[in-house]
Amino acid sequence: MANIDAELMFCENKAVAASVTSDVIELGCVGNAVTPLLVNVVLTEAMSVGRVDMVKLQSAPASTFAANVVDEITVSTPASVSQTSPAQLAQFYAPIKFGNKYVRLVMTASAPQGSTLSGGKLTAWLGDAPRFPQ
């Protein structure tokens with residue numbers, strides 16, 4: 001069983017900006033988890049202007065993310081998801097490079113040309129993947 005950070009929260013009600021970097025989660029042991037971990041990103045407060053476009057999961061061997069940062073996966077938020085109300089923006093399995101025990105998210109947002117981003121808050125966490133009977 002993996003030794004996992006007690007909170008598992010990347011961020012909670014963090015204001016949307018052009019680029020938002022989450023807090024760092026320590027996975028504890030180095031290597032792949034026995035059970036896949038699931039990343040959840042939710043817009044908890046509606047966007048007034050603009051939209052969250054992308055969520056990127058990064059890993060690194062040190063919590064400072066000063067060197068050897070790996071972009072593990074980048075997920076685009078679906079255009080069909082309305083961000084004018086709270087919504088689930090992304091949910092995906094977390095592939096982690098062997099040897100990297102720290103992870104964080106980088107989320108990017110954009111506004112129409114000539115406009116400024118307004119509104120929106122993000123909450124993201126790491127959890128167990130759902131289990132299905134076999």
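Student: Start with confidence. What pLDDT does the protein chain average?

Tutor: The protein chain averages a pLDDT of 87. On a scale from 0 to 100, 85% of the residues score at least 70. Where pLDDT is low, predicted coordinates should not be read in detail.

Student: Which elements have the lowest and the highest mean pLDDT?

Tutor: Strand 3 has the lowest, with a mean of 90. Strand 2, residues 19-21, has the highest, at 97.

Student: Which strands does strand 8 pair with, and by how many bridges?

Tutor: Among its partners is strand 5, joined to strand 8 by nine bridges. Strand 2 is joined to strand 8 by three. Strand 3 is joined to strand 8 by two, and at least two is what pairing requires. Strand 3 therefore counts as a partner of strand 8. Strand 8 runs antiparallel to strand 5, to strand 2 and to strand 3.

Student: Which residues stand opposite each other there?

Tutor: Ser19 faces Thr108 in strand 8. Ile25 stands opposite Val103 in strand 8. The bridge partner of Arg51 is Ser110, also in strand 8.

Student: What makes strand 8 mostly covered?

Tutor: Seven of its nine residues are buried. Buried means under 20% relative accessible area.

Student: Is Ser59 buried or exposed?

Tutor: Ser59 sits in strand 5, residues 51-60. Its relative accessible area is 0%. The cut-off for buried is under 20%, so Ser59 is buried.

Student: What makes the link from the Ser59 side chain to the Glu72 side chain a polar contact?

Tutor: The distance is 2.5 Å, and the limit for such a pair of N or O atoms is 3.5 Å. That places the Ser59–Glu72 pair within the limit. The Ser59 side chain also makes a polar contact with the side chain of Asn100, at 2.9 Å. Beyond its neighbours within four places in sequence, Ser59 is in contact with residues including Phe65, Val70, Ile96 and Tyr102.

Student: How many salt bridges does a search of the whole structure find?

Tutor: Two. Side chains of opposite charge can pair when their charged atoms come close.

Student: Why is the Lys101 and Glu26 pair called a salt bridge?

Tutor: The N to O distance is 3.4 Å. The cut-off is 4 Å, so the pair counts as a salt bridge. The partners are 75 residues apart: Lys101 lies in the loop between strand 7 and strand 8 (102-110), and Glu26 in strand 3 (residues 25-26). Lys101 has 21% relative accessible area, so it is partly exposed. Glu26, at 33%, is partly exposed too.

Student: And what makes Lys56 and Asp71 a salt bridge?

Tutor: Their side chains meet at 3.6 Å, N to O, against a cut-off of 4 Å. Lys56 is in strand 5 and Asp71 in strand 6 (residues 70-76), 15 residues apart. Lys56 is partly exposed at 24%, and Asp71 is partly exposed at 45%.

Student: One last check. What is said of phi at Asn13 and at Asn68?

Tutor: Phi of Asn13 is near 50 degrees, positive in a residue other than glycine. Asn68 has a positive phi of about 55 degrees and is not a glycine. Asn13 is found in strand 1, while Asn68 is in the loop between strand 5 and strand 6. Asn13, at 42% relative accessibility, is partly exposed. Asn68 has 60%, and exposed means over 50%, so Asn68 is exposed.

Terms used:
Residues numbered from 1 in each chain as written. Predicted model: local features only at pLDDT ≥ 70, side-chain atom pairs only at ≥ 80, totals over all residues. Heavy atoms only, no water. Helix = DSSP H or I, 4+ residues; strand = E, 2+ residues; numbered from the N terminus. Buried < 20%, exposed > 50% of the residue type's maximum accessible area, 1.4 Å probe, protein only. Polar contact = N/O pair within 3.5 Å; in protein donor to acceptor, adjacent residues only side chain to side chain. Contact = heavy atoms within 4.5 Å. pLDDT = per-residue confidence, 0-100.
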